[in-house]
Amino acid sequence: MSDVDDLTDAVLTASRLLIAVSARSLAAVEETLTLPQFRMVVLLEDRGPMSLTALADLLEVNPSTAKRMIDRLITSGMVDREQNPSSKREVVVVASEEGRRVVGQVMVRRRAEISSIVARMPGHLRHGLVEALTAFTEAGGEPRWSARDETPERGRDHADVD
């Protein structure tokens, strides 16, 4: 087995744990959102207003799938539609105040649970994990987030409107 295979297996195993932590954190705060819906709200919170097409592209789903998710999230009060400030003919989707609140609460819960897990790790392995996970998330294009800042760091491009 190669290093890439070993690392892939380790990341897949860790991802199961992280998905479980995410699901528990979400269920503790908001029982009606699915993980994919929560991911959409997180992206809108992080990157700001987006067109349906840009959001579908970012999530790698069909626009019709994104539209159904958006409709459900509007009904639940997690997102809003607004006119695109740069093109009054276009509508963009934004995280609502409630959506931003839920994202913040879920992220704080996730951070607490992950912190507890990390605290149980041998101390000498923690530094290497920081470096490896930072490189991993950068390679995947995920912006850094810290509950210590209380808000996600904004993504690389805030103009994700078509």
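1. From the N terminus on, the elements of the protein chain run α-α-α-α-β-β-α-α. That makes six helices and two strands. The model is a predicted one. Of the 162 residues in the protein chain, 29% count as buried. The accessible surface comes to about 10,200 Å², and carbon and sulfur atoms hold 56% of that area.

2. The largest nonpolar core contains 25 residues, and F38, M40, L44 and V79 have the most contacts inside it. At least two residues each come from α1, α2 (35–47), α3 (52–59), α4 (63–75), β2 (87–95) and α5 (97–119). Helix α2 gives the most, with six residues. As background, nonpolar side chains tend to be buried together in soluble globular proteins.

3. V79 deserves a look of its own. Leaving aside neighbours within four places in sequence, V79 is in contact with V41, L44, I70, L73, I74, V93, V94, A95 and S96. One of these partners, L44, is also among the residues with the most contacts inside the core.

4. Helix α4 has 13 residues and reaches 18 Å from its first C-alpha to its last, close to the 18 Å expected at 1.5 Å a residue. The buried residues of α4 are A66, M69, I70 and L73. Seen down the axis of α4, these buried residues fall within an arc of 100°, so they line one face of the helix. They pack against α2, α3, β1 (79–84) and β2. Just after α4, G77 takes a positive phi of about 85°.

5. What does S22 touch beyond its neighbours within four places in sequence? Its contacts there are with L35 and R110. S22 is found in helix α1 (residues 3–29). At 13% relative accessibility, S22 counts as buried, because the cut-off for buried is under 20%.

6. A search of the whole structure finds five salt bridges. One of them joins the side chains of D71 and R81, at 2.5 Å from N to O. This pair links distant parts of the chain, with D71 in helix α4 and R81 in strand β1, 10 residues apart. D71 is partly exposed at 27% relative accessibility, and R81 is partly exposed with a relative accessible area of 43%.

7. Another salt bridge joins R101 and E98, whose closest N and O atoms are 2.4 Å apart. Both residues lie in helix α5, three residues apart, about one turn of the helix. An α-helix has 3.6 residues a turn, so residues three or four places apart point the same way. R101 counts as partly exposed at 37% relative accessibility, and E98 counts as partly exposed at 30%. Elsewhere, salt bridges that share partners join K67, D71 and R81 into one network.

Definitions and conventions:
Residues are numbered from 1 along each chain as its sequence is written. This is a predicted model: local features need pLDDT of at least 70, side-chain atom pairs count only at pLDDT 80 or more; totals for chains, interfaces and linings use all residues. Side-chain values use heavy atoms; hydrogens and water are left out. Helices (H or I, at least four residues) and strands (E, at least two) are DSSP runs, numbered from the N terminus. Buried means under 20% relative accessible area, exposed over 50%, partly exposed in between (1.4 Å probe, protein chains only). Contact means heavy atoms within 4.5 Å. A nonpolar core is a set of buried Ala, Val, Leu, Ile, Met, Phe, Trp, Tyr and Cys residues joined through side-chain atoms within 4.5 Å. The expected span of a helix is 1.5 Å times one less than its number of residues. The arc is that of the directions from the helix axis to the C-beta atoms. Accessible areas come from the Shrake-Rupley method with a 1.4 Å probe; for residues, only the protein chains shown count as cover. A salt bridge is a side-chain nitrogen of Lys or Arg within 4 Å of a carboxyl oxygen of Asp or Glu.
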